[in-house]
Amino acid sequence: MINEIEVKILNINPKQIRKKLKENKAEFVKKVFLVNTMYANNHTKKDKVAVRIREERNKTKKTFTLTIKGPKKIVNNHKIRKEYELILPSYEFGDEMLKLQGFEIVGSVEMKREYYKLENCSVEIIELPKLP
């Protein structure tokens with residue numbers, strides 16, 4: 001379990017951010033394609049808990065991770081949540097496990113994500129598909 005502190009900056013220019021990261025000697029970690037499938041049941045809806053299975057793909061491998069995020073707290077304008085992650089052998093394994101517990105799929109989103117390490121922080125550039 002980790003405490004995730006997340007800051008989102010919207011409407012960025014990815015080229016400018018990459019340039020700034022390079023200037024500040026950030027280390028490029030990886031670039032991946034992600035599919036996040038979100039699940040909910042009566043408990044998660046009531047208690048504002050987030051549950052998802054993430055499929056992460058690059059040119060050589062696929063991984064599947066079940067993530068459960070506790071209710072969010074806002075501290076100094078930052079979202080903080082307890083986060084639990086479990087590596088799954090396949091998407092189907094996690095999907096069946098959640099459905100047996102009364103979870104239903106409530107949404108899915110695809111994105112490209114680049115990871116950089118800058119000092120003790122992870123900096124991520126996310127590109128979502130263009131919506132009409």
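Strands β3 and β4 form a hairpin with 4 residues between them. The structure is a predicted model, in which local features need pLDDT of at least 70 and side-chain atom pairs count only at pLDDT 80 or more, while totals for chains, interfaces and linings use all residues. Residues are numbered from 1 along each chain as its sequence is written, and side-chain values use heavy atoms, with hydrogens and water left out. The secondary structure of the chain comes to 3 helices and 8 strands; helices (H or I, at least four residues) and strands (E, at least two) are DSSP runs, numbered from the N terminus.

**Overall chain**

- Along the sequence, the elements follow the pattern β-α-β-α-β-β-β-β-α-β-β.
- Taken along the principal axes, the box filled by the C-alpha atoms is roughly 50 × 40 × 35 Å.
- Of the 132 residues in the chain, 29% are buried; buried means under 20% relative accessible area, exposed over 50%, and partly exposed in between (1.4 Å probe, protein chains only).
- Among contacts with a separation of 6 or more, 54% are between residues 24 or more positions apart, where contact means heavy atoms within 4.5 Å.
- The chain exposes about 10100 Å², of which carbon and sulfur atoms supply 54%; accessible areas come from the Shrake-Rupley method with a 1.4 Å probe, and for residues only the protein chains shown count as cover.
- There are 29 positive and 18 negative side chains, and the centres of the two sets lie 5 Å apart.
- In that count, Lys and Arg are positive and Asp and Glu negative, without His and the chain ends; each charge is placed at NZ of Lys, CZ of Arg, CG of Asp or CD of Glu.

**Strand pairing**

- β3 (residues 50–57) pairs with β4 (residues 62–69) in the antiparallel sense over 8 bridges; two strands pair if DSSP finds at least two bridges between them.
- Within this pairing, Val51 stands opposite Ile68 of β4.
- β4 is also joined by 6 bridges to β6 (residues 78–88), and the two run antiparallel.
- Here Thr67 faces Glu85 of β6 as its opposite residue.
- β7 (residues 104–118) and β8 (residues 121–127) are antiparallel partners over 7 bridges, and Lys112 has Glu127 in β8 as its bridge partner.
- The hairpin of β7 and β8 has 2 residues between the strands, and Glu119 in the turn has a positive phi of about 55°.

**Surroundings of Glu56**

- Glu56 lies in β3 and is buried, with a relative accessible area of 16%.
- The side chains of Glu56 and Lys30 are joined by a polar contact of 2.7 Å; such a contact is a pair of N or O atoms within 3.5 Å, and within protein one must be able to donate a hydrogen and the other to accept it, with residues adjacent in sequence counted only if both atoms are side-chain atoms.
- Beyond neighbours within four places in sequence, Glu56 is in contact with Lys30, Val32, Phe33, Leu34, Lys61, Lys62, Thr63 and Tyr115.

- Helix α1 (residues 14–23) lies largely in the open, because the number buried is 1 of its 10 residues.
- Asn13 caps the N-terminal end of α1, with a side-chain oxygen 3.0 Å from the backbone nitrogen of Lys15.
- Lys25, which follows α1, has a positive phi near 60°.
- His43 belongs to helix α2 (residues 42–47) and is partly exposed, with a relative accessible area of 44%.
- His43 and Val109 are 66 residues apart along the chain, and their C-alpha atoms are separated by 22 Å.
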